[in-house]
Amino acid sequence: SILEDIIHAKKDFLCYTSKNELLKILEYYFPNFIKRRIKARIKAKLILNEKPIAEKLTEYKIVDKKFNTATWIYGNKVAILSLTKQEPIGIVIENKEIAETQRIVFDLMWE
């Protein structure tokens, strides 16, 4: 549902996550999401622990950290997905101030 919301919002997004952990949770859906994102011309700026699946419309940095969640910041929303395969939990917060603050946090990590 979170990734569908990102596609329907048609907004460029920021994301930080552990790629392999995310793929374990969404192994069949995620490659399709990436194809749809690129087709919709949605740009992604990513902080990952390894190279992304697709580099088209993607800017990224690799860090030596393992994230236990995937966090997307898009429009006035912040979406967080736990990367626990047993029982993943996702939330979406729609609040301009929270999204702006998360953008600042992302930019600090990016630097």
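## Terms and model

A salt bridge is taken here as a side-chain nitrogen of Lys or Arg within 4 Å of a carboxyl oxygen of Asp or Glu. The model is predicted, so that local features need pLDDT of at least 70 and side-chain atom pairs count only at pLDDT 80 or more, while totals for chains, interfaces and linings use all residues. Residues are numbered from 1 along each chain as its sequence is written, and side-chain values use heavy atoms, with hydrogens and water left out.

## The sheet

Helices (H or I, at least four residues) and strands (E, at least two) are DSSP runs numbered from the N terminus, and two strands pair if DSSP finds at least two bridges between them. On these terms, the structure has an open sheet of 6 strands in the order 3-2-1-4-5-6, with mixed pairing. Strand 3 (58–62) and strand 6 are the edge strands, each of which pairs on one side only. Direction ignored, neighbouring strands of this sheet are turned by 15° against each other on average, where axes are lines fitted to C-alpha atoms (for helices over the stretch in contact) and angles between N-to-C directions run from 0 to 180 degrees.

The parallel sense is seen between strand 1 (residues 13–16) and strand 2 (residues 44–48), which pair over 4 bridges, with F13 standing opposite A44 in strand 2. Helix 1 (residues 2–9) packs on the sheet, where it touches strand 1, strand 4, strand 5 and strand 6, and its direction makes about 20° with that of strand 4; contact means heavy atoms within 4.5 Å.

Buried means under 20% relative accessible area, exposed over 50%, and partly exposed in between (1.4 Å probe, protein chains only).

Strand 4 (residues 69–74) pairs with strand 5 in the antiparallel sense over 6 bridges, and T71 stands opposite I80 in strand 5. These two strands form a hairpin with 2 residues between them, and G75 in the turn has a positive phi of about 55°. Strand 5 is also joined by 5 bridges to strand 6 (residues 90–94), again running antiparallel, and here V78 has I93 in strand 6 as its bridge partner.

## Salt bridges from helix 1

The whole structure contains 5 salt bridges. In one of them E4 is joined to R36, with the closest N and O atoms 2.5 Å apart; E4 lies in helix 1 and R36 in helix 3 (residues 29–39), so the pair ties together parts that are 32 residues apart in sequence. E4 is partly exposed, at a relative accessible area of 25%, and R36 also counts as partly exposed, at 26%.

D5 forms a salt bridge with K77, the closest N and O atoms being 2.9 Å apart. This pair links distant parts of the chain, with D5 in helix 1 and K77 in strand 5, 72 residues apart. D5 is partly exposed at 22% relative accessible area, whereas K77 is buried at 18%.

## K19 and its surroundings

K19 forms a salt bridge with E50, for which the closest N and O atoms are 3.8 Å apart. Since K19 lies in helix 2 and E50 in the loop between strand 2 and strand 3, the pair ties together parts that are 31 residues apart in sequence. Helix 2 covers residues 19–25. K19 counts as buried at 18% relative accessibility, while E50 is partly exposed at 26%. Leaving aside neighbours within four places in sequence, K19 is in contact with N49, E50, K51, P52 and I53.
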